[in-house]
Amino acid sequence: MALLKIARMGHPVLLQRAEPVADPAAPEIRRLAADMIETMADAGGVGLAAPQVHVPLRLFVMRDGDSARVFVNPVIAALDGAVEEGWEGCLSIPGLRGLVPRARRLAWEADDTEGRRLAGEAEGLSARVIQHEVDHLDGLLYLMRMHDLRQLGFQEEVARHAARPASPEPAR
């Protein structure tokens with residue numbers, strides 16, 4: 001396995017729609033997925049899409065507890081209208097965090113590297129990660145989903161100010 005170079009914001013591969021994977025069980029796709037899992041773990045990420053490692057294919061990996069899951073040619077759909085905002089970062093935009101609205105629950109389908117079509121549901125953080133990675137496959141970065149760029153900041157600043165209790169209102 002090998003560590004792959006992560007594309008950073010500004011690279012054109014991050015802004016194009018990725019192509020479907022013709023054969024999810026092909027040896028080169030299995031190798032790519034294994035290298036992506038190693039790269040994601042090394043970078044401390046929870047998800048990584050193929051375009052982020054300069055490969056414009058519809059494939060992503062995500063941490064799933066103590067293991068990793070591979071999604072090839074994924075399709076997602078929100079299960080209800082519930083949307084929640086949450087802080088997100090991205091290995092392609094190092095050091096920044098932004099408040100991003102996402103569907104709270106979703107259904108997904110994807111192939112695995114054995115060529116089987118799998119399906120499931122996700123909510124909370126898992127749903128957020130899946131949506132974030134599918135956005136990469138569609139040429140979108142989380143910044144493009146933000147409603148208010150005042151809710152974008154450096155990770156250390158966001159963490160420092162989120163940990164502090166709100167200042168009481170001044171007496172009038």
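1. Over how many bridges do S5 and S8 pair, and in which sense? They pair over 3 bridges, in the antiparallel sense. Two strands count as paired if DSSP finds at least two bridges between them. Helices (H or I, at least four residues) and strands (E, at least two) are DSSP runs, numbered from the N terminus. Across this pairing, Arg 97 stands opposite Gly 153 in S8.

2. Basis of the note. This is a predicted model, where local features need pLDDT of at least 70 and side-chain atom pairs count only at pLDDT 80 or more, while totals for chains, interfaces and linings use all residues. Residues are numbered from 1 along each chain as its sequence is written, and side-chain values use heavy atoms, with hydrogens and water left out.

3. The open sheet. It has 3 strands, in the order S4-S5-S8, with antiparallel pairing. S4 and S8 (152–154) are the edge strands; each has a single partner strand, so one side of each lacks a neighbour in the sheet. From one strand to the next, the twist averages 25 degrees. Axes here are lines fitted to C-alpha atoms, and angles run from 0 to 180 degrees between N-to-C directions.

4. The hairpin. S6 (residues 105–111) and S7 (residues 117–123) run antiparallel and are joined by 7 bridges. Ala 107 stands opposite Glu 121 in S7. The hairpin has 5 residues between its strands. In the turn, Gly 115 has a positive phi of about 90 degrees.

5. Helix H2. Of its 14 residues, 11 are buried (under 20% relative accessible area, 1.4 Å probe, protein chains only). Among them are Ala 127, Arg 128, Glu 133, Asp 135 and Leu 137. After H2 comes Gly 139, with a positive phi near 80 degrees.

6. The largest pocket. It holds about 400 Å³ of space. A pocket is an open set of points on a 1 Å grid where a 1.4 Å probe fits, with protein on both sides within 12 Å along at least five of seven lines; lining residues have an atom within 4 Å of a point. The volume is the space filled by probe spheres set on the points.

7. Its lining. There are 21 lining residues, with Gly 45, Val 46, Gly 89, Cys 90 and Arg 97 nearest the centre. S4 (83–90), S5 (93–103) and H2 (124–137) each supply at least two. H2 gives the most, with 6 residues.

Notes
Buried < 20%, exposed > 50% of the residue type's maximum accessible area, 1.4 Å probe, protein only.
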